[in-house]
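Open your viewer and get ready to click along. We will go stop by stop, and at each one you will hear what to select and what is there.

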Amino acid sequence: MTETATARRSRITPEREAELYAAVLDLLREVGYDALTMDAVATRTRSSKATLYRQWGGKAELVAKAIRFNKPGSITDVDTGSLRGDLHALVQREDDCAMEQNSALMRGLFMAVHMNPELLQAFREFLVDPEMADFQRVIQRAVDRGEVRADNPAIEYVVHMMLGAFATRTLLDELPPTQEFLRSYIDAVILPALGVRTV
């Protein structure tokens with residue numbers, strides 16, 4: 001990206017950016033991705049469409065970045081000295097109420113992601129790939145500490161297991177994910193798969 005383009009896309013203050021992302025998430029919960037329009041975002045946030053397109057390019061990137069912004073920091077910021085501590089700290093960053101709201105929001109977006117190549121690409125670029133990289137760094141710390149064997153085949157499936165916990169909690173149990181459920185899941189499923197003792 002040229003210096004001119006960079007300057008053009010960085011005029012919005014961090015406070016204004018946070019307001020815009022919050023409005024996008026509110027609209028997503030109200031109408032869903034397919035019915036969300038840049039006109040609606042512009043109206044809700046008292047912005048011009050030109051500003052929104054200049055800053056984010058389109059709806060898919062704006063939505064993906066809003067969801068990324070809503071996450072409570074990078075998981076690599078957590079370092080308790082043990083993998084179990086790190087994973088437990090990860091699920092404690094959101095209370096049960098926020099977790100239920102965000103889980104419902106993501107369920108509503110999953111179908112749109114698979115039906116919309118542009119949204120899928122934005123999700124991969126701004127959400128999936130960064131999350132995968134963060135998890136890999138957390139696991140690598142555990143390997144470096146000697147908690148997990150470097151050749152453990154379950155390492156590449158940690159993210160799959162975590163996402164599975166969120167998805168199947170609602171699908172099978174008809175309940176939202178909670179901190180207590182996720183902590184139990186980590187101890188009963190993820191850590192044993194990685195060869196980490198929990199007692």
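In this tour, helices are DSSP runs of at least four residues, numbered from the N terminus. Keep in mind that you are looking at a predicted model.

**Stop 1: the cavity**

Select helix H6 (83–91) and helix H8 (117–144), which each supply at least two residues of the lining of the largest cavity. Which helix gives the largest share of that lining? H6 does, with three residues. Now select the whole lining: Ile75, Val78, Asp86, Leu87, Leu90, Arg93, Phe135 and Val138. By class, six of these lining residues are nonpolar, none is polar and two are charged. The volume of the largest cavity is about 50 Å³, and the structure holds one cavity of 30 Å³ or more.

**Stop 2**

Next, look for the largest pocket, with a volume of about 1200 Å³. To find its centre, select Lys71, Met106, Phe110, Glu131 and Leu163, the closest to that centre of the 37 residues in the lining. Then colour the helices around the pocket: H5 (59–70), H6, H7 (96–115), H8 and H9 (158–173) each supply at least two lining residues. The pocket lining has 24 nonpolar, six polar and seven charged residues.

**Stop 3: aromatic rings**

How many aromatic pairs does a search of the whole structure find? The search finds three. Start with Tyr21 and Phe69, a tilted pair at 5.0 Å centre to centre, with 45° between the planes. Tyr21 belongs to helix H2 (residues 14–35) and Phe69 to helix H5, so this pair ties together parts that are 48 residues apart in sequence. Is Tyr21 buried or exposed? Tyr21 is buried, because its relative accessible area of 4% is under the 20% cut-off. Phe69, at 43% relative accessibility, counts as partly exposed.

Tyr185 counts as buried, at 17% relative accessibility.

**Stop 4: charges over rings**

Stay with Phe181 and select Arg169 as well: the charged end of Arg169 sits over the ring of Phe181, 4.3 Å from its centre.

Technical notes. Residues numbered from 1 in each chain as written. Predicted model: local features only at pLDDT ≥ 70, side-chain atom pairs only at ≥ 80, totals over all residues. Heavy atoms only, no water. 1 Å grid on protein atoms, 1.4 Å probe; cavity = no way out; pocket = protein on both sides within 12 Å on 5 of 7 lines; lining within 4 Å. Points joined across faces, edges and corners; volume = space filled by probe spheres on them. Nonpolar A, V, L, I, M, F, W, Y, C, P; charged D, E, K, R; others polar. Phe/Tyr/Trp six-rings, centres within 6.5 Å; stacked < 30°, edge-to-face > 60°. Buried < 20%, exposed > 50% of the residue type's maximum accessible area, 1.4 Å probe, protein only. Lys NZ or Arg CZ within 6 Å of the ring centre and 35° of its normal.
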